Amino acid sequence: MREYLVPKEGFRVLFVIGKGGVGKTTTSASIAVGLAERGYKTLIVSLDPAHNLGDVLMEKLSDKPKKIIDNLYASELDMEKLIKAYLKHLEKNLKNMYRYLTVINLEKYFEVLSYSPGIEEYATLEAIREILGEGDKWDVIVFDTPPTGLTLRVLALPRISLIWADKLIDIRRKILERRRAIAKIKGEEEYEIDGEKFKLPKDEAEDPVMKELLQYRSEVQFVEDVITNPNKTSVVAVMNPEMLPLYETERAYESLRKFNVPLRLIVVNKVIQLREEIPELKVKMEAQKKVLEEVERKFRGIEVIKLPMFAEEPRGLEWLKKLGGMILEGGGS
Amino acid sequence: MQKIKDFLRGFGEAFRHQSTEFIEFELRELENVFALILMGSFIGIPSPPTTLVMRLMPHMVKEIRVMESRAVNLDDVFAEVAGMFDID
């Protein structure tokens, strides 16, 4: 059994990434079914807006984990709903505090916000964070991710968010330091606006902004710690034996390395195996051979498994069990 | 006697004011920078993670109101800076 696919230090997180249409969902479902069969309590979550996890498992799924077989639970996150809920929550929060700003017409602003760049990534990260927060309920969590681009950005987000949080904490600390210094010399300053008297916080412990910053930082740090810990997280890249998926996998490999997220396994899916030569497929077979050689050469140190192209589309539990066995135990090269 | 006391108090006050003048200026600028970064998306500079901004904004209400009132009372920034560095 491949040790990086099973729990080692607490729960195990698996991200299955790859170009659209290479078989991410099938691969992740197979891994999940295989793990469940071997006695690990497994949750498989689809983050892909183009949901087809349900189609592969032949079950109707929602955002609540649904039991599929013993030890296997599956859910599909509805990103659109998530973003809406996320914005609704923020809007309510803000409206209460900035009541006097109603002139600006916050609603309109929030309508626009749901289309703002990056919102999908943030909502996805938030969803991942929530699931990881309750990670101890499971032995293994398998994420079936959206196509590579979005996933990579999401995996890079914790690191970037930490930089932002640190910078802001830094400035905030300086502000509070100065407020304290002034208060020491001149006494505390009292402000009066619209007849309401108040003081501004000057200690870290009483400053809600600082508290929120530190809270946010620790939340993000938690995600970052999980996804960069090779004893907890493994990324499985799925590709087809073609040039374009190869390039994309290569790029993914580079950026994952930059963000310290451990890529452990490459699954080359839909490899055509012929018993006898077919002249019409000769060119295709040669191209495939070339890509397979490239894979061996370029991803040294990462395990590569080849899965054959099956005559029948691998759907349903029996197929998934068979494929899961191949990914978890056999087929290495 | 009382007059001497008042005089000395005024003296002390002036000293205190002088000694905090720079810190106060720095504080105001830092506060402005902090708020500006949070609302960067309004003026087109890259802003921190939306989640973080949205979580901080509710706590910034009072501060932003103070800054607002300062902006209303502020008429000549250059004169202020010049005064601080004793430029006449």
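**View 1. A:Asn71 in the loop between strands S3 and S4 of chain A.** In this predicted model, A:Asn71 sits in the loop that joins strand S3 (66-69) to strand S4 (72-76) of chain A. Its phi is positive, about 70 degrees, although the residue is not a glycine. Most residues other than glycine have a negative phi. A:Asn71 has 20 other C-beta atoms within 10 Å, and a residue counts as buried at 20 or more, so A:Asn71 is buried.

**View 2. A:Asn260 in the loop between helix H8 and strand S9 of chain A.** The loop shown runs between helix H8 (243-258) and strand S9 (263-271) of chain A, and A:Asn260 lies in it. A:Asn260 has a phi near 65 degrees, a positive value in a residue other than glycine. Around A:Asn260 there are 13 other C-beta atoms within 10 Å.

**View 3. Helix H5 of chain A along its length.** Helix H5 of chain A covers residues 119-133, which is 15 residues. At 1.5 Å a residue, H5(A) should span 21 Å, and its end C-alpha atoms are 21 Å apart, so the two values agree. The buried residues of H5(A) include A:Glu120, A:Glu121, A:Tyr122, A:Ala123, A:Thr124 and A:Leu125. Also buried in H5(A) are A:Ala127, A:Ile128, A:Ile131 and A:Leu132.

**View 4. Packing of H5(A) against H7(A).** The axes of H5(A) and H7(A) are 10 Å apart, and the helices pack at an angle of about 75 degrees. Angles of 65 to 115 degrees count as roughly perpendicular, so H5(A) and H7(A) are placed in that class. From H5(A), A:Ile128, A:Arg129 and A:Leu132 meet A:Glu219, A:Val223 and A:Val226 of H7(A). By class, the residues of this contact are four nonpolar, no polar and two charged. Two of the H5(A) residues named here, A:Ile128 and A:Leu132, are among the buried residues of that helix.

**View 5. The side of chain A that touches chain B.** Chain A gives 32 residues to the contact and chain B gives 30 residues. Helix H3 (79-97), H5, helix H6 (148-186), strand S6 (191-193) and helix H7 (208-228) of chain A each supply at least two residues of the side of chain A that touches chain B. H6(A) gives the most to this side, with 14 residues. The side of chain A that touches chain B has 22 nonpolar, three polar and seven charged residues.

Key: Residues numbered from 1 in each chain as written. Chains lettered and ligands numbered in written order. Predicted model: local features only at pLDDT ≥ 70, side-chain atom pairs only at ≥ 80, totals over all residues. Helix = DSSP H or I, 4+ residues; strand = E, 2+ residues; numbered from the N terminus. Expected span 1.5 Å × (residues − 1). Buried ≥ 20, exposed ≤ 12 C-beta atoms within 10 Å, placed from the backbone. Contact = placed C-beta atoms within 7 Å. Nonpolar A, V, L, I, M, F, W, Y, C, P; charged D, E, K, R; others polar. Axes fitted to C-alpha atoms, helices over the stretch in contact; angles between N-to-C directions. Parallel < 35°, antiparallel > 145°, perpendicular 65-115°, else oblique.
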